[in-house]
Amino acid sequence: MATRRFSCLLSRSLSASLLHSLGKNSSKWGNVNRFSTAAAVDELVTPQVPITYTKHMINGQFVDAASGKTFPTYDPRTGEVIAQIAEGDAEDINRAVSAARKAFDEGPWPKMTAYERCKIILRFADLVEKHSDEIAALETWNSGKTYEQCANSELPLFVRLFHYYAGWADKIHGLTVPADGNYHVETLHEPIGVAGQIIPWNFPLIMFAWKVGPALATGNTVILKTAEQTPLTALYVAKLFHEAGLPPGVLNIVSGYGPTAGAALASHMDVDKLAFTGSTETGKIVLELAAKSNLKPVTLELGGKSPFIVCEDADVDQAVELAHFALFFNQGQCCCAGSRTFVHERIYDEFLEKSKARALKRVVGDPFKKGVEQGPQIDVEQFQKVLRYIKSGIESNATLECGGDRIGSKGFFVQPTVFSNVQDDMLIAKDEIFGPVQSILKFKDIEEVIRRSNATRYGLAAGVFTKNVHTANTLMRALRVGTVWINCFDVFDAAIPFGGYKMSGIGREKGIYSLNNYLQVKAVVSPLKNPAWL
Amino acid sequence: MAFSLRISRLISRSFSSTSLLSRGGSGYLGSGHCKYSTAAATEEEPIKPSVQVEHTQLLIDGKFVDAASGKTFPTLDPRTGEVIANVAEGKSEDVDRAVAAARKAFDHGPWPKMTAYERQRILLRIADLVEKHNDEIAALETWDNGKPYEQSSKIEIPMLVRLIRYYAGWADKIHGLTVPADGPYHVQTLHEPIGVAGQIIPWNFPLLMFGWKVGPALACGNTIVIKTAEQTPLSALYVAQLFHEAGLPPGVLNVVSGFGPTAGAALASHMEVDKLAFTGSTDTGKVVLELAAKSNLKPVTLELGGKSPFIVCEDADVDQAVELAHFALFFNQGQCCCAGSRTFVHESVYDEFVEKAKARALKRVVGDPFKGGIEQGPQIDSEQFEKILRYIRSGVENGATLETGGDRLGNKGFYIQPTVFSNVKDGMPIAKEEIFGPVQTILKFKDLGEVVQRANNSRYGLAAGIFTQNIDTANSLTRALRVGTVWTNCFDTFDAAIPFGGYKMSGQGREKGEYSLKNYLQVKAVVTSLKNPAWL
């Protein structure tokens with residue numbers, strides 16, 4: 001029951017998060033520093049993993065960029081270079097697409113039985129599980145997220161996602177359809193072809209799995225462009241995929257930047273499908289490139305400004321812990337972060353005080369150290385953007401309850417920051433900050449909080465904290481968002497669809513819904529002579 | 001049952017019904033009409049339609065209103081090019097008004113807050129009312145569009161009724177899922193209406209496209225702003241009035257007449273429109289998608305162009321294949337996005353096929369679409385008419401063999417001779433581009449591997465026809481062709497339950513059938529923590 005284990009770690013049912021929080025309060029974490037001191041970043045743990053793969057994976061081989069160029073990838077703890085990575089541009093994308101095209105058009109991938117595809121994906125999941133600790137170390141080194149989160153939550157979830165999609169491979173059913181006359185009608189659900197996929201840096205491996213899992217299970221071939229901040233782990237697991245028996249050309253990985261490699265993939269005339277996760281602004285560009293080139297269908301998972309609504313009947317301690325987790329998880333670098341904490345006026349003051357206390361207790365430090373809750377932000381650009389938003393919050397007269405600055409003088413650590421008295425029209429209440437900055441807003445009644453929650457261009461997710469079933473049912477339907485978590489947050493099972501309303505995206509990933517993204521529907525109609533039934 | 005069988009037989013033309021129709025056309029029924037080789041049909045006075053044009057304004061918030069600008073535009077009779085009526089010309093201000101009405105009807109209005117059963121009852125009443133007014137609506141459709149009245153009244157309006165009844169039945173069957181979780185959670189998905197749907201429809205099947213768009217949107221609880229084609233605004237206004245008579249609340253269905261670059265672009269760019277569905281050309285589809293991307297990222301369904309192969313294998317009964325290929329191309333004056341516009345014929349039957357295809361085209365009955373027995377009316381307008389004639393010239397200049405036709409018919413309106421080209425090569429524009437007219441292009445092939453490769457060598461992927469008696473051939477082609485619909489030994493079977501849409505640059509998404517519902521639904525995952533679950 002590995003699945004149970006990561007589910008309770010990652011998704012934090014209330015009891016699990018409380019336990020976690022209790023743990024941190026004990027003396028056990030005496031060697032780690034709270035955010036108010038910067039000692040944690042003085043002595044860094046050296047990761048126990050070599051960097052073996054830095055080139056593109058094209059047609060089953062690691063190859064240099066056509067241009068011979070490389071770019072540096074960094075350790076967010078220090079801003080220092082970890083390795084030089086082959087830098088893909090349009091020519092590398094062309095090579096990768098032609099490999100994927102050949103593997104799709106001539107096979108063997110879509111011409112294999114679904115059961116054979118299923119077995120290769122299962123073998124891959126087993127291999128990843130075997131190498132879980134090395135991969136987790138690589139992920140932490142490159143992204144700055146805590147090693148415990150990588151090793152105990154994300155890698156097991158990655159394995160779980162591939163087990164999930166392996167099980168779908170042989171369950172792609174079409175329909176037979178009742179006709180209005182003497183016809184036999186059926187639908188075939190066919191692989192769509194060559195899928196281009198562009199993933200972000202905040203969950204490099206989980207996003208890999210959300211994209212690659214359904215595409216391969218449904219018989220497609222893939223070109224995946226990783227984020228320039230986090231190229232390492234995808235290359236490592238792609239190697240394992242080939243060891244597991246994946247034929248060459250089925251999964252190609254190109255490292256590089258959005259305006260070069262990403263744009264080439266989005267504009268490519270031989271790519272049949274595009275899936276993108278990232279910011280709303282970039283998502284709009286990606287969709288335009290698809291529209292201007294060959295009208296490839298596009299799935300988009302974009303930004304959010306998700307409300308977390310604490311109703312008046314809430315147990316305040318539990319609500320504080322869950323709201324804290326909803327925002328600060330993964331250094332606040334979640335598209336679905338609960339970044340507008342709406343609290344009912346009756347419990348607002350108590351909630352505020354306890355949220356501040358909880359943030360002050362947040363353990364920030366070297367993500368390789370045990371017990372650390374928060375590592376550095378991903379890079380200097382994000383780090384400065386987060387600090388700019390904090391300044392904007394102060395300037396627009398929100399109350400800075402705690403935090404507000406960087407930690408230490410090295411790397412990209414930011415203090416867990418809490419603002420109260422936030423008004424709806426402040427930038428910190430409207431824009432995606434993507435950092436450890438909690439904005440607390442006060443509300444009076446349910447109708448009002450529904451209206452304010454929905455008054456955003458985003459619609460990714462929402463948290464609802466209440467014991468009242470009527471309140472929960474009302475909010476569940478009224479909120480214009482793709483996921484509603486009630487008395488929980490960030491529950492990310494493989495079977496739960498995820499995606500946005502409004503400008504948070506188009507389409508759903510995970511679950512049965514994700515398969516549509518990678519299938520074409522073909523209707524087949526033949527006349528019937530003397531049918532026994534219609 | 002009789003009803004559905006009847007329209008299915010008429011519209012989808014299993015082979016036996018096509019040959020019936022063909023015999024009718026060449027028999028005594030056709031004697032009162034002119035074959036295309038004479039122009040007499042178009043020299044007679046056009047028949048006066050037995051219907052009044054009552055509605056020419058925009059329908060916004062349940063009321064007929066003038067355009068904000070006060071402007072109108074003329075809609076023409078394709079038989080003569082003369083003005084039928086002046087119609088209110090919607091522009092961005094009118095689209096704003098319509099969206100505001102739809103927004104209110106969605107956010108506050110009764111529509112999504114009604115029970116699904118109540119929505120279903122209204123849709124069923126609409127279907128009954130449309131059926132009752134079948135002949136007037138059909139006459140209006142033929143007058144504005146030029147398609148044969150027999151086709152409008154016996155096929156298309158009954159099909160609209162059938163579509164509305166189909167979607168009425170879906171209204172109370174929109175199920176979400178409960179989902180197994182990996183821990184102590186209760187997980188469910190809600191399939192919610194997406195909100196305000198913008199819909200832009202073409203002129204070739206004005207009411208069927210109206211049915212494909214409006215049916216699923218309303219069944220799923222959305223509200224609508226639909227922009228009709230500037231060539232054919234009349235029938236949608238008539239039918240929309242019936243929707244309101246049947247009890248549809250104001251603001252739920254708003255109809256704006258107007259042009260693409262003004263009204264259409266305003267709808268596609270609108271920040272308060274949650275969903276867009278477009279049927280039309282690939283070039284316009286790209287513009288529509290860009291406008292959606294640049295504004296609020298509304299999801300877009302596209303049904304676009306095609307250059308669909310019709311493959312006649314060597315084992316084909318040539319007479320049947322000729323008739324079906326003729327129908328696949330010439331139906332609706334060749335103005336079908338899924339027209340079988342590349343007729344691939346195996347070399348062993350090619351010569352016989354060409355001769356008989358030519359003979360069949362020569363027998364095609366062209367004339368005033370209001371007359372009984374007419375198979376082909378005028379093209380929609382002078383722009384399309386000129387474009388088709390240009391393609392015919394291009395075919396001649398490229399060295400394709402003009403077997404028959406090739407010119408206009410008469411000197412009034414937009415009639416074109418049924419035209420057949422043989423010896424067509426893959427590289428010619430008439431073999432690559434969508435002509436959207438009565439021009440059949442016949443190509444020769446040697447073996448299946450070759451015809452698969454040539455059939456797929458197109459930016460389009462809308463549909464394909466296969467004519468063979470061999471089950472292995474049919475099965476191979478069915479999987480190999482990269483198209484959204486494969487018709488085997490039939491063509492243009494358009495039941496409500498059969499999904500329709502394109503691979504590649506022929507579109508995104510599927511309309512009709514169960515698949516069409518997801519275009520108008522958002523999926524919301526709802527996760528609740530469980531205490532002491534009895535099972536997981």
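## The largest cavity

In this predicted model, local features need pLDDT of at least 70, side-chain atom pairs count only at pLDDT 80 or more, and totals for chains, interfaces and linings use all residues. Residues are numbered from 1 along each chain as its sequence is written, chains are lettered from A in the order in which they are written, and side-chain values use heavy atoms, without hydrogens and water.

The largest cavity holds about 140 Å³ of space. (A cavity is a set of points on a 1 Å grid over the protein atoms alone where a 1.4 Å probe fits but cannot get out, and lining residues have an atom within 4 Å of a point; grid points are joined across faces, edges and corners, and a volume is the space filled by probe spheres set on the points.) Of its 15 lining residues, those closest to the centre include Phe203(A), Met207(A) and Trp210(A). The lining divides into twelve nonpolar residues, two polar and one charged.

## Salt bridges

Over all chains, the structure has 43 salt bridges (a side-chain nitrogen of Lys or Arg within 4 Å of a carboxyl oxygen of Asp or Glu). One of them joins Lys354(A) to Asp317(A), with the closest N and O atoms 2.9 Å apart. Lys354(A) lies in helix α12 and Asp317(A) in helix α11, so this pair ties together parts 37 residues apart in sequence. (Helices are DSSP runs of H or I with at least four residues, numbered from the N terminus.)

In chain B, Arg79(B) pairs with Asp77(B) at 2.8 Å between the closest N and O atoms. Both Arg79(B) and Asp77(B) are buried (under 20% relative accessible area, 1.4 Å probe, protein chains only).

Terms used: On a 1 Å grid over the protein atoms alone, a cavity is a set of points where a 1.4 Å probe fits but cannot get out, and a pocket is an open set with protein on both sides within 12 Å along at least five of seven lines; lining residues have an atom within 4 Å of a point. Ala, Val, Leu, Ile, Met, Phe, Trp, Tyr, Cys and Pro count as nonpolar, Asp, Glu, Lys and Arg as charged, and the others, Gly among them, as polar. Helices (H or I, at least four residues) and strands (E, at least two) are DSSP runs, numbered from the N terminus. Buried means under 20% relative accessible area, exposed over 50%, partly exposed in between (1.4 Å probe, protein chains only).
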